[in-house]
Amino acid sequence: MQTPRPFQYTTAADDLNLIIDDIQGLVNLETYSYNKASLNDGLSHLSSIVNNRIGSPDYEEKFDGGQFGDCLHFRFDGTSEQSILFVGHYDTVWPDGTLADWESSKGITEDGREYLSGPGIFDMKTGLVQAIWIAKYLKESGQPFPTVHLLFNGDEELGSPFSRPHIERVAKEVDAAFVFEASHQGLIKTQRKGVGLISVEAQGVESHAGLNPEDGASAITALMEYCLAATQLASPEKGTTINVGLISGGSGSNVVAGKAKAEIDIRIKTQAELERLDKELDEISWSNHKVTVQVKKDWNRPPMEFTNANKSLFEKARTTAEKIGFKLQSTSVGGASDANFVSALGIPVLCGIGAEGAGAHARYEYMIPQAIPKFIELITGTALRIAH
């Protein structure tokens with residue numbers, strides 16, 4: 001079998017100013033997850049970058065997200081039998097108006113590298129633009145290249161409630177997927193924790209706390225018993241953490257509480273842990289059975305494990321990195337992404353191949369422009385290797 005020629009690093013380096021222009025243009029359009037009008041403007045601009053840089057797609061479809069950001073799917077037909085998927089979200093956690101108050105758009109890191117800063121530049125508008133340019137370079141490579149699906153969603157910061165089925169549908173059609181979330185200190189992400197969002201509501205019986213407390217049944221006490229028992233199900237050695245992040249209830253200090261509720265965040269590394277907790281959360285009891293406790297479990301994202309399929313794709317990327325001249329390293333992180341959905345389907349996927357920098361969801365978020373060509377070359381070369 002013929003070995004694919006290395007992608008030319010100098011191409012992306014020569015185009016770096018244009019790539020940065022595309023990134024800054026996207027950052028200058030605020031795309032807050034809860035503002036549909038801003039999301040529409042951002043997606044329209046993203047679509048124009050695709051058409052300007054790659055050309056007209058062979059297939060295009062937009063799915064109306066209703067209250068959520070729309071989902072846009074492009075397909076560019078390749079010259080080999082393989083196909084790949086690039087996924088990225090264009091929504092950010094930053095409310096409209098944040099850009100005007102941003103302190104600085106550029107600076108120098110402690111190790112002397114220039115950086116660019118702005119809301120969403122690290123998470124994950126740099127990665128979106130990189131995905132577009134990689135698709136462009138694949139078409140222009142002069143080598144057999146796989147069909148490229150680009151899928152952009154506008155609700156990832158909310159857990160991808162609308163876009164998940166669209167991501168999963170396209171993922172089932174491809175041989176490999178790449179999610180262009182930011183890297184972790186330059187390391188790509190091969191493992192991500194799954195997320196469980198657990199809502200607990202307790203309904204008790206109100207009574208006067210001084211005159212007749214025995215007639216009441218405290219929803220708060222039952223809720224505390226449930227939450228304490230839930231936290232004891234954690235298994236840090238297995239990567240399972242449980243956090244009671246919100247709790248509220250009652251109507252006054254002299255009233256036995258009639259209502260109470262809590263929100264619990266669970267992070268798990270393996271599907272086995274998800275299944276264990278799903279069962280054991282149902283088995284928790286509380287002392288006063290006059291109180292009813294309702295538990296709603298939303299396993300928002302399955303864990304992204306380092307499966308054999310993901311290991312195989314990582315090896316292709318690692319080999320590509322060696323040809324380029326650097327050592328590819330990976331890491332496991334607690335946060336989840338749309339890669340979790342893809343991995344759970346058994347489709348090979350790599351994540352964290354977008355920006356190098358820091359500060360996701362922080363006022364100082366930034367990316368390193370000089371790292372962009374390396375990541376573009378890495379994924380372009382890996383895609384060409386898949387085609388061979």
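This is a predicted model: local features need pLDDT of at least 70, side-chain atom pairs count only at pLDDT 80 or more; totals for chains, interfaces and linings use all residues.

Me: Is S343 buried or exposed, then?

Reply: S343 counts as buried because its relative accessible area is 6%. Across the chain, buried residues make up 53% of the 388 residues.

Me: Where does S343 sit in the secondary structure?

Reply: S343 belongs to helix α10, which spans residues 339-344. The chain has 11 helices and 16 strands.

Me: Which residues is S343 in contact with, leaving aside its neighbours within four places in sequence?

Reply: For contacts, look for heavy atoms within 4.5 Å. On that basis S343 touches M304, E305, T307, N310 and V349. There's also a sequence-versus-space case to look at: T190 is 153 residues from S343 in sequence, yet their C-alpha atoms are 9.8 Å apart.

Me: How do I read contacts over the chain?

Reply: Check how far apart the partners are in sequence. Of the contacts with a separation of 6 or more, 81% join residues 24 or more positions apart.

Me: What about the overall dimensions?

Reply: Compare the radius of gyration with the globule rule. For 388 residues, a compact globule would come out near 21 Å, and the chain has 24 Å, which agrees. Along the principal axes, the C-alpha atoms fill a box of roughly 85 × 45 × 45 Å.

Note on methods. Residues are numbered from 1 along each chain as its sequence is written. Side-chain values use heavy atoms; hydrogens and water are left out. Helices (H or I, at least four residues) and strands (E, at least two) are DSSP runs, numbered from the N terminus. The radius of gyration is taken over C-alpha atoms; the globule rule is 2.2 Å times the number of residues to the power 0.38. Buried means under 20% relative accessible area, exposed over 50%, partly exposed in between (1.4 Å probe, protein chains only).
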